Number of protein chains: 2
Amino acid sequence: MAPVDKSFGGTLDANFVDHLTQGVLTNNTTVLAQAITLIESAKTEHQKIAVKLLEKCIGHQTESIRIGITGVPGVGKSTFIESFGKLLLSKGKRVAVLSVDPSSNETKGSILGDKVRMESLAKEQHAFIRPSPTGGSLGGVARKTRETIILLETAGYDIILIETVGVGQNETTVRDMTDFFLLLKLPGAGDELQGIKRGVMEMADAIAINKADGHNKKPAESAKMEFSRALHLFAAKDNGWVPKVMTCSAVENKGLTSIWSCIENFVTLSKENGFFEQTRKHQNKKWLREHINHILLRDFYEHPDISKALSVLEKKVVDGEITPFRAAENLVKNYRET
Amino acid sequence: MAPVDKSFGGTLDANFVDHLTQGVLTNNTTVLAQAITLIESAKTEHQKIAVKLLEKCIGHQTESIRIGITGVPGVGKSTFIESFGKLLLSKGKRVAVLSVDPSSNETKGSILGDKVRMESLAKEQHAFIRPSPTGGSLGGVARKTRETIILLETAGYDIILIETVGVGQNETTVRDMTDFFLLLKLPGAGDELQGIKRGVMEMADAIAINKADGHNKKPAESAKMEFSRALHLFAAKDNGWVPKVMTCSAVENKGLTSIWSCIENFVTLSKENGFFEQTRKHQNKKWLREHINHILLRDFYEHPDISKALSVLEKKVVDGEITPFRAAENLVKNYRET
């Protein structure tokens, strides 16, 4: 008999998988939230159900646009997503918002937590906001986010906004699961052009200079010119898209329609020339790779002999009796032999 | 017979390991650079030599202070490290500089590349600057950086500066391999306090407001007050250290001596109460963990049957014949059975 799981108020059996699948397909948001919690769970029995659920969902997904949104802290991502999300709702879209932020594991979110963010968007009927998954590495967070996207698309959300913070690895992760990548910038914010990582700008399909209001209007226009010039230094993208630079004010609801038009143009172009589908296929290959890594490591660490042997070796490493790499080689060798 | 390796101009045998070890121990910078290149190489035969070299180096390391330095692009990290590095040289220290920047894999570095950075520090006799290792994930870069630290300490460098960029995962990685963590900030740079990830501030042992010169002096003092207040919101650190907030100007060489005194005080305190050693032990445990993961994945992907099977599955995933997670499960299952 399948085990009873109190956190899900029932037995983790085939009926439960059907219950979840039905709930997700009909966009029962309570069940949807529960299904995402299951995906985010590290427990083996939850993971098994999650795989079954996902297999049932794939093939029932709504055609969506997955949009990555990034920018440094203070650039106004939450306000932007709130205003932009409402614009999309007014156009009849159904909008889901996810975060990729591995640092939130340790930090329990930013000082202004996820709960108070995007309050007015969260109240809308056709919007669904999910805070960052907790636990695990960037790879773990990425895996959970990918699987959550499948659920959201199965539930009928056709715009998936995935926000992330920072400069570097987070962006690469988010770009690898989105169709369009939007970089938010501030006018004259001290990160002069030469300090900006070429790679982050290269990833962007559009740059929006936010907070282009009040006394920032003029600096925003200068920043726009500067970024436009900088983008010309890069080689043209394979998909034929020329990245756009725009200004906007999320607070004053200005420039958001242009950003949406830009995204629509991008989708039209890349669907016409086949790059939209090609990118998603390439992303699925990456997903395969990451899922393999996940399984390999999970199976190793969950092996009953490993945790005991590992703690013995850890002690030896700490006491300086063995080097970390020798200890690692020995442990894996023993694992192979069992 | 061991293979002849043209990139290292000789045979990869025990004599070569001895040659490298001697070169590192005597701080022959040409050999040291070659040894680091070996560590950074992904080739199996290079990795084997690297493990042997590292085993010989461990136990011969100079007592060092490993200092992590982070900040957003534009904060002036390179200039800071140049000025700070020269201060340390003037105090008789031997200074090595490393970068942890996985995004540089794709981006070939920032627009101003590593070569032109820190030009005057690089010319100094007792300074050694190594650009970011290329290739691989953040985990791969972290592993190579840890092993490079061992070589540098064996070569007698007693101050290891490890810089990184961004907000999030990079910082966690660098904190996990350093004794002291310095966060550089700009005065009034638009990333208001509420936008700063609590976690990055919590990691910091000190915050230095850089570019506190000219018309920035007053904003820098305000920022200092603001950050000091914010730090009071956090729980005291286990090691008894109270994080400091300072201002400095790397360009005008101001405030750097205070930062160095602060680090010296930190080291004295944490050596006295045992936290210095305890932290390093904890870091070695993490290193063990990461090295295990590295071996597990390397062995899998280097298995002769895997690459063929993987490309067949990739095609099926791309063609929508199988889901990425089912494909991953099948491949790992087959691998276990061979």
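Because the model is predicted, local features are reported only at a pLDDT of at least 70 and side-chain atom pairs only at pLDDT 80 or more, whereas totals for chains, interfaces and linings use all residues. Residues are numbered from 1 along each chain as its sequence is written, chains are lettered from A and ligands numbered from 1 in the order in which they are written, and side-chain values use heavy atoms, with hydrogens and water left out.

Chain A comprises 14 helices and nine strands, where helices (H or I, at least four residues) and strands (E, at least two) are DSSP runs numbered from the N terminus. Of its 338 residues, 55% count as buried, a term that denotes under 20% relative accessible area, with exposed meaning over 50% and partly exposed in between (1.4 Å probe, protein chains only). The accessible surface of chain A amounts to about 14,600 Å², and 52% of this area belongs to carbon and sulfur atoms, as computed by the Shrake-Rupley method with a 1.4 Å probe. Among contacts in chain A (heavy atoms within 4.5 Å) between residues at least 6 apart in sequence, 76% join residues at least 24 apart.

Over all chains, 16 aromatic pairs were found; rings of Phe, Tyr and Trp (its six-membered ring) pair if their centres lie within 6.5 Å, and planes under 30 degrees apart count as stacked, over 60 as edge-to-face and the rest as tilted. One of these, between A:Phe84 and A:Trp260, is edge-to-face, with 6.5 Å from centre to centre and 65° between the planes. Since A:Phe84 lies in helix 4 (residues 77-90) and A:Trp260 in helix 11 (residues 256-272) of chain A, the pair ties together parts that are 176 residues apart in sequence. Both A:Phe84 and A:Trp260 are buried. In chain B, B:Phe80 and B:Phe84 form a stacked pair, at 5.3 Å centre to centre and 20° between the planes; being four residues apart in helix 4 (residues 77-90) of chain B, these two residues are separated by about one helical turn. B:Phe80 counts as buried because its relative accessibility is 0%, and B:Phe84 is likewise buried at 0%. In chain A, A:Phe80, A:Phe84 and A:Trp260 form one aromatic cluster.

A:Lys244 lies over the face of A:Trp241, at 3.9 Å from the ring centre, and A:Lys271 over that of A:Phe276, at 4.7 Å.

Two asparagines of chain B were examined in their loops. B:Asn27, in the loop between helix 1 (14-25) and helix 2 (29-40), is buried with a relative accessible area of 17%. Its side chain is joined to that of B:Tyr157 by a polar contact of 3.3 Å, defined as a pair of N or O atoms within 3.5 Å in which, within protein, one must be able to donate a hydrogen and the other to accept it, residues adjacent in sequence counting only if both atoms are side-chain atoms. B:Asn210, in the loop between strand 8 (206-209) and helix 10 (217-231), is buried with a relative accessible area of 2%. A polar atom of the B:Asn210 side chain lies 3.2 Å from the backbone nitrogen of B:Ala250. Beyond neighbours within four places in sequence, the contacts of B:Asn210 include B:Phe80, B:Lys185 and B:Cys248.

The structure holds zero disulfides over all chains, a disulfide being a pair of cysteine sulfur atoms within 2.5 Å. A:Cys57 is buried, with a relative accessible area of 1%, and B:Cys57 is buried with 0%.

Methods: Lys NZ or Arg CZ within 6 Å of the ring centre and 35° of its normal.
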